[in-house]
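Biologist: I would like a close look at a single part of this model. Please keep the answer connected and give the cut-offs as you go.

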Amino acid sequence: MGRDDRVHSATEAFVAHRNLLFTVAYEMLGSAADAEDVLQEAWLRWVGVDLGTVRDQRAYLVRIVTREALGRLRTLGRRKESYVGPWLPEPLLTAPDVAEDVELADSVSMAMLLVLETLAPTERAVFVLREVFDLDYDEIAEAVDKSPAAVRQIAHRARAHVAARRPREVVSPAESRDVLTAFQRAVETGDLQRLLDVLAPDVVLLADGGGIKRAALEPVLGADRVAEVLGRIADVASLLPAQVNGYPALIVRLDGELDSVVAVRVDDGLITGLYAVRNPEKLSHMERETALRR
């Protein structure tokens, strides 16, 4: 097989699995921009592989992407240490089919990605590959350079860690939509009581301006304080529903321009977390839908 044929075959295989590979990288990193960089590096490595020696192209590609993402995750961790204000995952405008896959939607939700942020890099990789993509322990072991026995222990530890911090139950997109609609109506009408009725008493608002856009530098805690902050935008912003990271969310526009994306965490019918991404460097994937796959 000539070089052109090898490159063509490698390209076909990579394109066939690209959406899956992007999803793996994004779930590990919480950054679409970094996930795209990981895929670029993975492609450069993949095109040099002798495909005749590869038994399972999907598993091999996932292994390449996982290793690249682990290296990038450690670099990203150092960047976050100097980040101005709260760091939030980069939101993605997602297609309806993501919401239809309940497990996928839950795994890429803003709330879950923030839980994954509390894991160590290898724990995060193992959790994502096992719990989301259902890879066997031997495959994961090759991807993270650990023994299968060690991977089992890491998976158990990561699963317990996530279970203690994730939303108490998987909320359906329909329930999230109902809660978000009530929230949107309360903000738009300036109805303070209606707003308080949809916010949990211990709700937390995180705003990510990245030092570029004005945003609270610390979490805003409690329904009264959060309602006060939200009351300031009612007269100057328009709120538009959108599908973000597999769940209903709101796009905030000021003077017709995209200003921020607001995602929510819902527990027991109330909003317990509000995640407002204002950093313009994180909003580029809100212009078009991103395809995610398991």
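How many bridges join strand β3 to β4, and do the two run parallel or antiparallel?

Modeller: The model is predicted, so local features need pLDDT of at least 70 and side-chain atom pairs count only at pLDDT 80 or more, while totals for chains, interfaces and linings use all residues. Residues are numbered from 1 along each chain as its sequence is written, and side-chain values use heavy atoms, with hydrogens and water left out.

Strand β3 (residues 238–244) is joined to β4 by seven bridges, and the two run antiparallel. Strands here are DSSP runs (E, at least two residues), numbered from the N terminus, and two strands pair if DSSP finds at least two bridges between them. Within this pair, alanine 242 stands opposite alanine 249 of β4.

Leucine 254 has glutamate 257 in β5 as its bridge partner. The hairpin of β4 and β5 likewise has two residues between the strands, and aspartate 255 there takes a positive phi near 55°.

As for burial, six of the eight residues of β4 (residues 247–254) are buried, so this strand is largely enclosed by the rest of the structure. Buried means under 20% relative accessible area, with a 1.4 Å probe and protein chains only.

Notes: Buried < 20%, exposed > 50% of the residue type's maximum accessible area, 1.4 Å probe, protein only. Helix = DSSP H or I, 4+ residues; strand = E, 2+ residues; numbered from the N terminus.
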